[in-house]
Amino acid sequence: MADHGLLAHQRQALIIQEVQTHGSVRVTDLVDRLGVSDMTIRRDLETLARTGAVQKVHGGAVLVSGASAEEPLYEAKSTLESAAKAAIADAAAALVAPGSVVAISAGTTAYAVATRILDVPELTVVTNSFPVADLLRTAAQREDRPSPPSC
C-alpha cells in the first residue's frame, strides 16, 4: 500500500479506514504502509484527533469511544472510490433535464451528483443532506449563475 504520492486527506482517509477496520493503528505500521515519515503520520493523527475521527494514544490511534467500526466517517468516505462515484454522478446528472425536480439524499456519492447538476436551469432540489444544501446555497449565491437551483 506504500504510495508516496498521497495527499494529506487521502492518507487520513486511509488511516481512518485502518482504525475502523482494526480498532487501532500504530505509527510505525502506518509509516511502513504509506511510505511517509513518522512526523507526517503524527501530524495526520493530530488532525484526525482534532476532528474527532480518532483518539490519539501513545504510539498510534484507536477508535473514538462509542464509534462504530462498521461505518467510516463522511470525510473518509468522500475520498474513497472516487472514480466510481464520479462515474455514477456523471450518469445520474445526465438524466436531469432543465425544469426537473430532483431529490438528493445524504452521502458522498449523492454529493458528487449535486456537484454535476449545479448549472441545470430551473432545477428544484429536495435534500436531507446539509453538505448538498450548503453546496446549492453557495452555488445560488454566485453572481455568474443565470438560474440557480432552488431548494
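Biologist: Which residue in β3 is the bridge partner of Val 57?
Modeller: Gly 60 is the partner of Val 57. Keep in mind that this is a predicted model.

Biologist: What makes β2 and β3 a pair?
Modeller: Pairing needs at least two bridges. Three bridges join β2 to β3, which covers residues 60-62. The count meets the cut-off, so the two strands are paired. They run antiparallel.

Biologist: In what order do the strands of this open sheet stand?
Modeller: The order is β1-β3-β2, with antiparallel pairing.

Biologist: Why do β1 and β2 count as edges?
Modeller: Each has a single partner strand, so one side of each has no neighbour in the sheet. β1 covers residues 24-26, and β2 covers 55-57. On average, neighbouring strands here are turned by 20° against each other, direction ignored.

Biologist: Which helix lies across β1 and β3?
Modeller: Helix α1, residues 8-22, does. It runs at about 125° to β1.

Biologist: How do you know that Arg 11 and Asp 44 form a salt bridge?
Modeller: Compare the distance with the cut-off. The nitrogen must lie within 4 Å of the carboxyl oxygen. For this pair, N to O is 2.6 Å, so the pair qualifies.

Biologist: What makes this pair a tie between separate parts?
Modeller: Look at where the two residues sit. Arg 11 is in α1 and Asp 44 is in α3, residues 38-51, so the pair ties together parts 33 residues apart in sequence.

Biologist: Why is Arg 11 called buried?
Modeller: Buried means under 20% relative accessible area. Arg 11 has 11%, so it counts as buried. Asp 44 is buried too.

Biologist: Which residues touch Arg 11, neighbours within four places in sequence aside?
Modeller: They are Leu 6, Leu 34, Val 36, Thr 40 and Asp 44.

Biologist: How many salt bridges does the whole structure hold?
Modeller: The search finds seven. Another one of them joins Glu 18 and Arg 33, with the closest N and O atoms 3.0 Å apart. Glu 18 is in α1, while Arg 33 is in α2, residues 27-34. That puts them 15 residues apart.

Biologist: Why is Lys 56 called partly exposed?
Modeller: Its relative accessibility is 38%, so it lies between the limits of 20% and 50%. Glu 46, at 33%, also counts as partly exposed.

Biologist: Where is Val 120?
Modeller: Val 120 is in the loop between α6 (108-116) and β5 (124-127).

Biologist: Why does Val 120 count as buried?
Modeller: Its relative accessibility is 12%, and the limit is 20%, so the label holds. The C-alpha atoms of Val 120 and Ala 97 are separated by 7.1 Å, though the residues are 23 apart along the chain.

Biologist: What makes β4 and β5 a pair?
Modeller: They share four bridges, and two are enough, so they pair. The sense is parallel. Ala 103 has Val 126 in β5 as its bridge partner.

Biologist: Which residues form the covered and uncovered faces of β4?
Modeller: Val 102 and Ile 104 form the covered face. Val 101 and Ala 103 form the uncovered one.

Biologist: How many helices and strands does the protein have?
Modeller: It has seven helices and five strands. Of its 151 residues, 32% are buried.

Definitions and conventions: Residues numbered from 1 in each chain as written. Predicted model: local features only at pLDDT ≥ 70, side-chain atom pairs only at ≥ 80, totals over all residues. Heavy atoms only, no water. Axes fitted to C-alpha atoms, helices over the stretch in contact; angles between N-to-C directions. Contact = heavy atoms within 4.5 Å. Salt bridge = Lys/Arg side-chain N within 4 Å of Asp/Glu carboxyl O. Buried < 20%, exposed > 50% of the residue type's maximum accessible area, 1.4 Å probe, protein only.
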